[in-house]
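Visitor: I have a model open here and would like to talk through how it is put together. Can we start with how helix packing is described?

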Amino acid sequence: MKTFRLNILVVGAAILASACASNPKSTSLLDQVRVDYAQAQSNPKVATYAALEMQSATEALAKANAAAKERESLETVDKLAYLAKQKIALATEVASRKSSESDIANAAVVRDQVRLDQRTLQADQARAKAEDAERSALAARNAESIATQQKELAQSNAAEAQRLATEANARNAALEAQLADLSARKTERGLVITLGDVLFGTDLARLNANGMLMAKRLASVLQQNPQRTVLVEGFADSTGQTQHNQELSERRAMAVRDALLELGVARERVTYRGYGESYPVAANDTAQNRQLNRRVEIVLSDDRGLIRPR
Amino acid sequence: MADGTEFAPADMKAAREKLALAKQALAAKDYKAATDFANQAQADAKLAQAKAGSAKAQAVSQTLQEDIRVLRVELDRAGAQ
């Protein structure tokens, strides 16, 4: 190794000595061309893209150097140096062009990718927008559907209410028809049937045959209208003792109640009261008027079984 | 050589002058000089052509790079929406 390095030194010294001895010619142009050459050689683009042109330049420079070494005329050296200079410049330009062309090819790929990204983004945004719109439309349709259902439900409720009202009217009408035979009156408290004195034995708290017939009709009406109840109210005239009249009115009301129970009407549907001489319907001045006051009134409840008290 | 005139006018001018000199030398039957001038004219012309080519390629490359830059700005702006 040491020997090798020594050899290099010896050879280098020999070259230097010979150069000094032969005093080879150079020109300022040739010096400049050598600088150009060194620059081109250190340019990586030239090595990559202009190897052929650089080889040609190398050969041209070698010729110029050789001419200088051979001490040819200045003119000859400069001519050769000029050709080398132009070839070095050519190599540099070719390298520059090819490098740019490579950039162009790469840039075209990049540009296409960026355009693709752009279109992808636009498509994504358009899709997201469309999906938003679809969601909104769906929500609107749902809201509409719910509104329709509610409307239909309301209509259905109204129709049901109408039907029930119609049914109730029909039942009332039917009841009134059934009570026509019993000479029922419409009053503020409801339908009222009056059983007159003639339906009872005189001063007796017992229905006669006609009275029983009326009771049967009433029982039949109650069986056909199971939601109704009755209040049986007894009244007397003012003849005789008040206590006696009170008891008579109660007994007569009870007699009607018992008749209805015997005819199959449930006990809880029939209540009775006696009012004695109270609530006369006529003055107690004539026999005929007193007979009007001796009576039993039967009040029918409404649909819900309720009766307004006197 | 229109590109050469446009992108490397000095080199084209030199090439033309050398060519004229080569023709003169040829007419004077100085073949050595004619060859020298012809070689120089060729070197000048080739360089002019190469300069034109590299200048054009550079211009195209720069245009493309600018296009890409603009596209990227648009893309960033669209993406930021």
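Guide: Axes here are lines fitted to C-alpha atoms, for helices over the stretch in contact, and the angle between N-to-C directions runs from 0 to 180 degrees. Note also that this is a predicted model.

Visitor: Fine. At what angle do H2(A) and H5(A) pack, and how far apart are their axes?

Guide: The angle is about 20°, and the axes of H2(A) and H5(A) are 9 Å apart. That makes H2(A) roughly parallel to H5(A), because angles under 35 degrees count as roughly parallel.

Visitor: Is the crossing of H2(A) and H5(A) left-handed or right-handed?

Guide: H2(A) and H5(A) cross in the left-handed sense.

Visitor: Which residues of H2(A) and H5(A) meet?

Guide: From H2(A) they are A:Leu29, A:Leu30, A:Val33, A:Asp36, A:Tyr37 and A:Ala40. On the H5(A) side they meet A:Val77, A:Asp78, A:Ala81, A:Tyr82, A:Ala84, A:Lys85, A:Ile88, A:Ala91 and A:Thr92. By class, the residues of this contact between H2(A) and H5(A) are 11 nonpolar, 1 polar and 3 charged.

Visitor: What else is A:Ala84 in contact with, leaving aside neighbours within four places in sequence?

Guide: With those neighbours set aside, the contacts of A:Ala84 are A:Val33, A:Ala57, A:Ala60, A:Leu61 and A:Ala64.

Visitor: Now the largest nonpolar core. Which members touch the most other members?

Guide: Those are A:Ala57, A:Ala64, A:Ala84 and A:Ala91, in a core of 38 residues. Two or more residues come from each of H2 (28–41), H3 (44–49), H4 (51–69) and H5 (74–179) of chain A, and likewise from H2 (9–27) and H3 (31–80) of chain B. H5(A) gives the most, with 12 residues.

Visitor: And the second core, how many residues does that have?

Guide: It is separate and has 32 residues, including A:Leu191, A:Leu218, A:Leu222 and A:Ala259.

Visitor: Back up a bit. How many helices and strands does chain A have?

Guide: Chain A has 8 helices and 5 strands. Their order along the sequence is α-α-α-α-α-β-β-α-β-α-β-α-β. Of the 310 residues in chain A, 28% are buried. Among contacts in chain A with a separation of 6 or more, 72% are between residues 24 or more positions apart.

Visitor: What about chain B, how many helices and strands there?

Guide: Chain B has 3 helices and 0 strands. Chain B has 81 residues, of which 28% are buried. Of the chain B contacts between residues at least 6 apart in sequence, 60% join residues at least 24 apart.

Visitor: How many residues does each chain put into the contact between them?

Guide: Chain B puts in 25 residues and chain A puts in 25 residues. The chain B side of that contact consists of 10 nonpolar, 8 polar and 7 charged residues.

Visitor: Last topic, the backbone. What is the phi of A:Arg71?

Guide: A:Arg71 has a positive phi of about 60°, although it is not a glycine. Most residues other than glycine have a negative phi. A:Arg71 sits in the loop between H4 and H5 of chain A.

Visitor: Why does A:Arg71 count as exposed?

Guide: A:Arg71 counts as exposed because it has 11 C-beta neighbours inside 10 Å, and the cut-off for exposed is 12 or fewer.

Visitor: And B:Lys29, where does that lie?

Guide: B:Lys29 is in the loop between H2 and H3 of chain B. Its phi is positive, near 60°, and it is a residue other than glycine. B:Lys29 is exposed, with 8 other C-beta atoms within 10 Å.

Terms used. Residues numbered from 1 in each chain as written. Chains lettered and ligands numbered in written order. Predicted model: local features only at pLDDT ≥ 70, side-chain atom pairs only at ≥ 80, totals over all residues. Core = buried A, V, L, I, M, F, W, Y, C linked by C-beta atoms within 7 Å. Buried ≥ 20, exposed ≤ 12 C-beta atoms within 10 Å, placed from the backbone. Helix = DSSP H or I, 4+ residues; strand = E, 2+ residues; numbered from the N terminus. Contact = placed C-beta atoms within 7 Å. Parallel < 35°, antiparallel > 145°, perpendicular 65-115°, else oblique. Left-handed = near helix turned anticlockwise from the far one by under 90°. Nonpolar A, V, L, I, M, F, W, Y, C, P; charged D, E, K, R; others polar.
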